[in-house]
Amino acid sequence: MTPQELRALCLSFNAAVEDFPFRPEVSVFKVGGKLFALTTLDARPLTVNLKCDPDDAVRLRGEHEGLIVPGYHMNKRHWNTVTVDGELPDRLVRELVEDSYDLVVAGLPRAERLRLDRP
């Protein structure tokens, strides 16, 4: 997955926005004002921090040792850093980004979730 594909994927979700609150080169993707993905798109290797269910986070780290690790500068129980350099299947990366988005949306206030569900 290329940096452009990762950016397009993150922005493809309903109400997703890209922000730069830390530094101009650090892309923060949010929904409802809450972070669901964080990456430096010009970094090599390309990595992305993604929210993850704690049990799934541990399982994924074991299944993809070195490619999925505890979230860098994040709550290690709820966040993974995923290497997006082609070693992981793009399908898995897409699923992990979507799961991160869904977890963040699930934590939003009910009124915000309902607004996101509208076409």
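Tutor: Let's start with terms: on a 1 Å grid over the protein atoms alone, a pocket is an open set of points with protein on both sides within 12 Å along at least five of seven lines, a cavity is a set where a 1.4 Å probe fits but cannot get out, and lining residues have an atom within 4 Å of a point. Points are joined across faces, edges and corners, and a volume is the space filled by probe spheres set on them. The model is predicted, so to speak of local features takes pLDDT of at least 70 and side-chain atom pairs need 80 or more, while totals for chains, interfaces and linings use all residues. Numbering runs from 1 along each chain as its sequence is written, and side-chain values use heavy atoms, with hydrogens and water left out.

Now the largest pocket: it holds about 290 Å³ of space. Its lining has 13 residues, with Val26, Leu38, Thr40, Asn49 and Tyr72 nearest the centre. Strands here are DSSP runs of at least two residues, numbered from the N terminus. E3 (34–39) and E4 each supply at least two lining residues, and E3 gives the largest share, three. By class, the pocket lining has six nonpolar, six polar and one charged residues; Ala, Val, Leu, Ile, Met, Phe, Trp, Tyr, Cys and Pro count as nonpolar, Asp, Glu, Lys and Arg as charged, and the others, Gly among them, as polar.

Leu50, Lys51, Cys52, Leu60, Ile68, Asn80, Val82 and Leu96 line the largest cavity. Two or more of those lining residues come from each of E4 and E6. This lining has six nonpolar, one polar and one charged residues.

So much for the spaces; next comes E6 itself. All five residues of strand E6 (79–83) are buried, meaning under 20% relative accessible area with a 1.4 Å probe, protein chains only. Trp79, Thr81 and Thr83 point one way, whereas Asn80 and Val82 point the other. In a regular strand, side chains alternate between the two faces of the sheet.

As for neighbours, strands pair if DSSP finds at least two bridges between them. E4 (47–51) runs antiparallel to E6, joined by five bridges; threonine 47 has threonine 83 as its partner. E5 (68–70) is also antiparallel to E6, with three bridges, and isoleucine 68 stands opposite valine 82.

Note on methods. Buried < 20%, exposed > 50% of the residue type's maximum accessible area, 1.4 Å probe, protein only. Helix = DSSP H or I, 4+ residues; strand = E, 2+ residues; numbered from the N terminus.
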